[in-house]
Amino acid sequence: MAVLGIPILENLYPSTMDMWPLESKEFNRNWQFYENLKQGKLTTTKCKDCGLVSWPPRVICPECYSENLEYTDLPNKGKIIVFSEEVRGVPLGFESPLIHAVIDLGVAPARRVLSRIVNCPAGVLKRGDEVQLAVFPVPAMPIDKGKLGTVMFERVFFAFEPVKK
């Protein structure tokens with residue numbers, strides 16, 4: 001994630017400017033969520049002790065405080081409940097239009113998920129439109145492996161996109 005145009009930062013990894021999660025096993029206890037995303041699956045955690053399904057994925061059950069969790073699949077499609085579009089004043093690192101939506105996946109606890117909408121021009125989206133999971137790559141993260149050197153860890157993140165009719 002070199003910052004082009006800023007000579008002092010060229011060929012460096014400015015971690016304070018990285019807006020994406022640290023997804024590797026070394027840095028994140030929810031790493032399996034991101035591995036599932038790489039396979040095109042939206043998942044969350046379910047407690048094996050009390051059965052509570054939580055969104056977003058957790059490392060500890062908020063009901064019984066157990067760490068005995070498993071990943072369970074969520075639907076990859078949903079419907080738009082409400083959305084907002086930013087055409088001007090989009091933050092650095094994002095492209096216009098920047099669209100955020102509350103999406104109904106139709107199942108608890110992820111009945112309503114706040115997510116970005118991608119691959120959609122401004123003015124096209126409507127309430128009730130069907131959207132589907134869209135997994136996209138984000139800049140790789142360098143991880144120092146000691147004697148093995150630095151390796152680049154490939155990362156992904158998710159959004160939703162309109163279902164093509």
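Residues are numbered from 1 along each chain as its sequence is written, and side-chain values use heavy atoms, with hydrogens and water left out. Because the model is predicted, local features need pLDDT of at least 70 and side-chain atom pairs count only at pLDDT 80 or more, while totals for chains, interfaces and linings use all residues.

**View 1. The buried side of helix H1.** H1 spans residues 31-38, and its buried residues are Phe33, Tyr34, Asn36 and Leu37. (Buried is under 20% relative accessible area, exposed over 50%, partly exposed in between, with a 1.4 Å probe and protein chains only; helices are DSSP runs of H or I with at least four residues, strands are E runs of at least two, both numbered from the N terminus.) These four sit on the same side of H1, because they cover an arc of only 155° around the axis, taken from the directions from the helix axis to the C-beta atoms. Strands S1 (43-47), S3 (69-73), S7 (130-144) and S8 (150-162) are among what covers them, with contact meaning heavy atoms within 4.5 Å.

**View 2. Phe33 meets Tyr34.** Rings of Phe, Tyr and Trp (its six-membered ring) pair if their centres lie within 6.5 Å; planes under 30 degrees apart are stacked, over 60 edge-to-face, the rest tilted. The Phe33 and Tyr34 rings have centres 5.1 Å apart and planes at 80°, so they're edge-to-face. Ring pairs link both into a cluster with Trp55, Phe157, Phe158 and Phe160.

**View 3. Glu35 on H1.** Glu35 is found in H1 and is partly exposed, at 24% relative accessible area. Its C-alpha is 9.9 Å from that of Lys25.
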